[in-house]
Amino acid sequence: MNEEKPMQASLNVDLNKCETLACKCGNKTFTPVITLKKISALLSPTGREMIVELRQRICLKCGEKFVLEEKKNGKEINGQERSDSEVDP
Ligand SMILES: [Zn+2]
């Protein structure tokens, strides 16, 4: 019993019953990458320069960013310009 337990293990959900998302190339393994964005003081809500992490997933096979195809509230979710609210504590 040496199963790999990713972060999701803390969710009380049987992930075996959940759909596995795949890249458009069909590959189902991704690697997380973090892009750093600097928000200038002019744009920052706090009035100070901020660094924001954008978490993305890169397909291990084709190297494309993973794009979630579902849409929510008519707003496109592309896995780029948002933080990973479903994974973050
Ligand atoms: Zn791919």
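Figure 1. Among the contacts in the protein chain with a separation of 6 or more, 41% are accounted for by residues 24 or more positions apart. The model shown is a predicted one, and the protein chain in it has four strands and zero helices, which follow the pattern β-β-β-β when read along the sequence. Of the 89 residues in the protein chain, 3% are buried.

**Figure 2. Confidence along the protein chain.** The mean pLDDT of the protein chain is 78, with 65% of its residues at 70 or more. Confidence is highest in strand S1, residues 30–39, where the mean is 93, and lowest in strand S4, residues 75–76, where the mean is 46.

**Figure 3. The pairing of strands S1 and S2.** Strand S1 and strand S2, the latter spanning residues 50–59, run antiparallel and are joined by 10 bridges. Within this pairing, Thr 35 stands opposite Leu 54, a residue of S2. Strand S1 is hardly covered, since the count of buried residues among its 10 residues is zero. In a regular strand, the side chains alternate between the two faces of the sheet.

Figure 4. Met 50 has its place in strand S2, and, when its neighbours within four places in sequence are left aside, Met 50 is in contact with Ile 39 and Ser 44. Lys 37 lies 13 residues from Met 50 along the chain, and the C-alpha atoms of the two are separated by 8.2 Å. Met 50 counts as partly exposed because 14 other C-beta atoms lie within 10 Å, a count that falls between the limit of 12 or fewer for an exposed residue and that of 20 or more for a buried one.

**Figure 5. Leu 68 in the loop between strands S2 and S3.** Leu 68 is found in the loop that lies between S2 and strand S3, the latter being residues 71–72. Leu 68 has 13 C-beta neighbours inside 10 Å and is therefore partly exposed. Although Leu 68 and Cys 23 are 45 residues apart in sequence, their C-alpha atoms are 8.8 Å apart in space.

How values were computed. Residues numbered from 1 in each chain as written. Predicted model: local features only at pLDDT ≥ 70, side-chain atom pairs only at ≥ 80, totals over all residues. Helix = DSSP H or I, 4+ residues; strand = E, 2+ residues; numbered from the N terminus. Contact = placed C-beta atoms within 7 Å. pLDDT = per-residue confidence, 0-100. Pairing = 2+ DSSP bridges.
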